[in-house]
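Q: Could you take me through this structure, beginning with the aromatic rings?

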Amino acid sequence: MDFKLSEEEKKRRKEFFDGCKELSKERPENFIQGLEADFEKANQPYVTRCRKEFAKRGWLRLGWPAEYGGVGSHMDRVFFGEARGYYGLPGVDIFGIEMLAPTLIAMGSKEVKDRFLPPIGRGEVLWCELYSEPNAGSDLAALTATAIRKGDEYVINGQKTWTTNAHNADWGLGLFRTDPQGRKRRNLSFLLMDMKTPGITINPLEYLNRMHMYNEVFFDDVHIPADQIVGKENDGWTVSQVLVNFERSNVLAVSAVRRMLEVLVEYCNETKVGGKPLAQDPIIRDKLAEVATEIEASRTLAYYIADQQNRNQVAALFESSAMKVFIGDLYERLGALGTDILGSYGQVKASRWARQGGLWESLYQTAFVLTISMGTNEIQKNIIAWYGLGMPRPLSPVSIEKALAAAQAAK
């Protein structure tokens with residue numbers, strides 16, 4: 001596949017890359033790199049600097065309706081993500097900008113859009129996603145946290161877990177059971193809430209390396225206004241499916257992994273073992289070439305999905321799932337390769353002793369995130385099998401018993 005950009009698109013893409021390149025020069029020496037860069041406390045001054053600059057340029061409102069300050073097109077969002085991924089810039093709230101804003105534009109009432117879109121576009125508020133629970137992750141519809149309507153309020157009780165950035169977020173978006181007796185997926189509502197509301201308790205879930213990205217959130221009789229709902233009551237599952245379908249190309253992740261490979265190649269060219277650069281080792285060259293080939297393949301698929309979306313054609317669900325599985329696995333393989341090539345230095349945390357800013361120690365420990373978040377690889381492979389390959393779904397124990405009983409009766 002060959003996706004040729006128009007001259008105007010090439011010009012706009014260059015504008016994003018030039019802007020991100022200049023901003024990357026301001027990155028402080030103590031900046032902690034990795035997937036958790038946006039959420040680390042030590043990084044917040046630079047994260048805020050990037051977010052304000054992006055908002056000033058209108059880059060947080062790409063593809064939005066003009067009435068809400070929107071500029072550019074969907075492909076501009078793709079170019080921006082590609083540039084930001086390449087230069088490793090933080091400052092874009094994935095939950096507010098990438099997920100909630102387009103969902104509000106598609107599904108929100110005018111009152112909700114008028115209230116929440118402007119501060120998101122100005123980069124003034126941060127959001128977190130209140131989805132997963134201790135017993136509802138891959139099977140999200142099995143969640144048990146309730147939001148019971150009482151007059152003009154919802155009263156929320158329950159627990160959410162693995163909530164990214166809840167400790168920094170101003171607001172949260174989430175799914176809650178509003179009809180405890182209703183049918184699965186038809187008993188959920190999509191609600192918005194101020195994370196400073198009384199009754200909300202946030203506890204950290206730190207990595208083994210003490211980095212803080214995830215949290216568990218408890219709700220004890222939390223009262224929120226009933227007008228902070230997106231869509232209709234008990235139709236939150238529909239809203240949640242709209243949310244996950246926005247910007248599924250993963251072009252940012254592809255661009256980021258491309259840059260990390262370039263950094264690793266630079267190290268191999270500059271580092272000598274036995275008087276020869278590591279880049280001349282045939283085994284290392286072969287491994288680097290293999291990753292480079294996989295990156296190019298992932299970039300092609302990412303641009304295909306983005307092109308479909310730009311034409312207002314929703315890319316097949318299984319294609320987006322294939323992209324997520326591929327890039328998640330690629331992150332893990334590159335992290336392992338970099339750590340292997342650097343040897344002992346690959347295990348050194350960011351410090352004056354670390355090579356390449358401790359990038360590989362961080363990546364090796366955090367790369368697994370992409371194989372779990374927003375649907376595990378196992379779930380994505382099910383989607384590929386069912387919707388892409390047309391394979392049958394496994395029978396439940398009850399269905400198997402019925403099939404055996406029918407076979408027995410037929411004898």
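A: The structure holds 13 aromatic pairs, where rings of Phe, Tyr and Trp (its six-membered ring) pair if their centres lie within 6.5 Å; planes under 30 degrees apart count as stacked, over 60 as edge-to-face and the rest as tilted. This is a predicted model, in which local features need pLDDT of at least 70 and side-chain atom pairs count only at pLDDT 80 or more, while totals for chains, interfaces and linings use all residues. Residues are numbered from 1 along each chain as its sequence is written, and side-chain values use heavy atoms, with hydrogens and water left out.

Q: What kind of pair do Phe17 and Tyr86 form?
A: Phe17 and Tyr86 form a tilted pair, 6.2 Å centre to centre with 50° between the planes. Phe17 is in helix H1 (residues 7-24) and Tyr86 in helix H3, 69 residues apart, and the pair links these distant parts of the chain. Helices (H or I, at least four residues) and strands (E, at least two) are DSSP runs, numbered from the N terminus.

Q: Why does Phe17 count as buried?
A: Phe17 counts as buried because its relative accessibility is 13%; buried means under 20% relative accessible area, exposed over 50%, partly exposed in between (1.4 Å probe, protein chains only). Tyr86, at 14%, also counts as buried.

Q: And how are Phe116 and Trp171 arranged?
A: Their rings are edge-to-face, 5.1 Å centre to centre and 80° between the planes. Phe116 lies in helix H5 (residues 110-121) and Trp171 in strand S4 (residues 171-177), so the pair ties together parts 55 residues apart in sequence. Both Phe116 and Trp171 are buried.

Q: Changing topic: which side chain of opposite charge is nearest to Arg84?
A: That is Glu98, 4.2 Å away; Arg84 is buried yet has no salt bridge, meaning a side-chain nitrogen of Lys or Arg within 4 Å of a carboxyl oxygen of Asp or Glu. Lys and Arg count as positive and Asp and Glu as negative; His and the chain ends are not counted. Arg84 is found in helix H3 (residues 74-87).

Q: Which residues of helix H6 are buried?
A: In helix H6 (residues 236-244), these are Gly236, Trp237, Val239, Ser240 and Leu243. They lie on the same side of H6 because they cover an arc of only 155° around the axis, taken from the directions from the helix axis to the C-beta atoms.
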